[in-house]
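Here is a friendly walk through one structure, written for someone who likes to know the cut-offs behind each term. Please have a look at the model first.

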Amino acid sequence: APAQYNLGNRYRKGEGVPQNHKTALKWYRLAAEQGNADAQNNLGVMYDKGEGVPQDDKTAVKWYTLAAEQGDADAQGALGLLYGMGQGVPEDFIYAHMWFSISALNGNTNGRRSREIIEKLMIAAQIRIAEELAQKCARNQFKDC
């Protein structure tokens, strides 16, 4: 899977080969299906942005979730954004806050900043629930969040 992921990166970025998002997608998918979290996150990004595929929020959520469950802080932050905007999932500030908190816990500084922004749109009870969900999710090693 690491070699397939690396090929996906080369084709996505055009490093040493002509840039080709469809070919990148093929290599990322092969790596992602073997459980490579980086490839899963990059597939999420490609579907989120419509790189080489039609833009599809629901498919982006699928790939981001698989990566997030493996502790990928970028995917966790991306899920926070999607929940915050209601793209591919119902808008839910509690789950957005939860994913931003988890992302921050895993070292993503954008997760911390995003959590602070969304807190301004929430009431104290919602923030408490989000914090409890984040703690439970972390205890469960990011599964079933």
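This is a predicted model: local features need pLDDT of at least 70, side-chain atom pairs count only at pLDDT 80 or more; totals for chains, interfaces and linings use all residues.

Residues are numbered from 1 along each chain as its sequence is written, and side-chain values use heavy atoms, with hydrogens and water left out.

**Helix H3**

Helices here are DSSP runs of H or I with at least four residues, numbered from the N terminus. H3 takes in residues 37-49, and its end C-alpha atoms are 18 Å apart, which agrees with the 18 Å that 13 residues should span at 1.5 Å a residue. That expected span is 1.5 Å times one less than the number of residues.

How many residues of H3 are buried? Ten of the 13 are, where buried means under 20% relative accessible area, exposed over 50% and partly exposed in between (1.4 Å probe, protein chains only). Among them are Asn41, Asn42, Leu43 and Tyr47. Their cover includes helices H1 (2-13), H2 (21-33), H4 (57-68) and H5 (73-85).

After H3 comes glycine 50, with a positive phi near 75 degrees.

**Salt bridges**

Side chains of opposite charge can pair when their charged atoms come close. A salt bridge is counted when a side-chain nitrogen of Lys or Arg lies within 4 Å of a carboxyl oxygen of Asp or Glu. The whole structure holds two of them.

| Salt bridge | N to O distance |
|---|---|
| Glutamate 51 and arginine 12 | 2.8 Å |
| Arginine 112 and glutamate 116 | 3.5 Å |

Glutamate 51 sits in the loop between H3 and H4 and arginine 12 in helix H1, so this pair ties together parts 39 residues apart in sequence. Glutamate 51 is buried at 17% relative accessibility, and arginine 12 is buried at 16%.

Arginine 112 and glutamate 116 both belong to helix H7 (residues 109-119), four residues apart, or about one turn of the helix. Arginine 112 is partly exposed at 36%, as is glutamate 116 at 37%.

**An aromatic pair**

Rings of Phe, Tyr and Trp (its six-membered ring) pair if their centres lie within 6.5 Å; planes under 30 degrees apart count as stacked, over 60 as edge-to-face and the rest as tilted. The count comes to two aromatic pairs. One of them is the tilted pair of tyrosine 5 and tyrosine 28, at 5.8 Å centre to centre with 35 degrees between the planes. Tyrosine 5 is in helix H1 and tyrosine 28 in helix H2, 23 residues apart.

Note on methods
Helices (H or I, at least four residues) and strands (E, at least two) are DSSP runs, numbered from the N terminus. Contact means heavy atoms within 4.5 Å.
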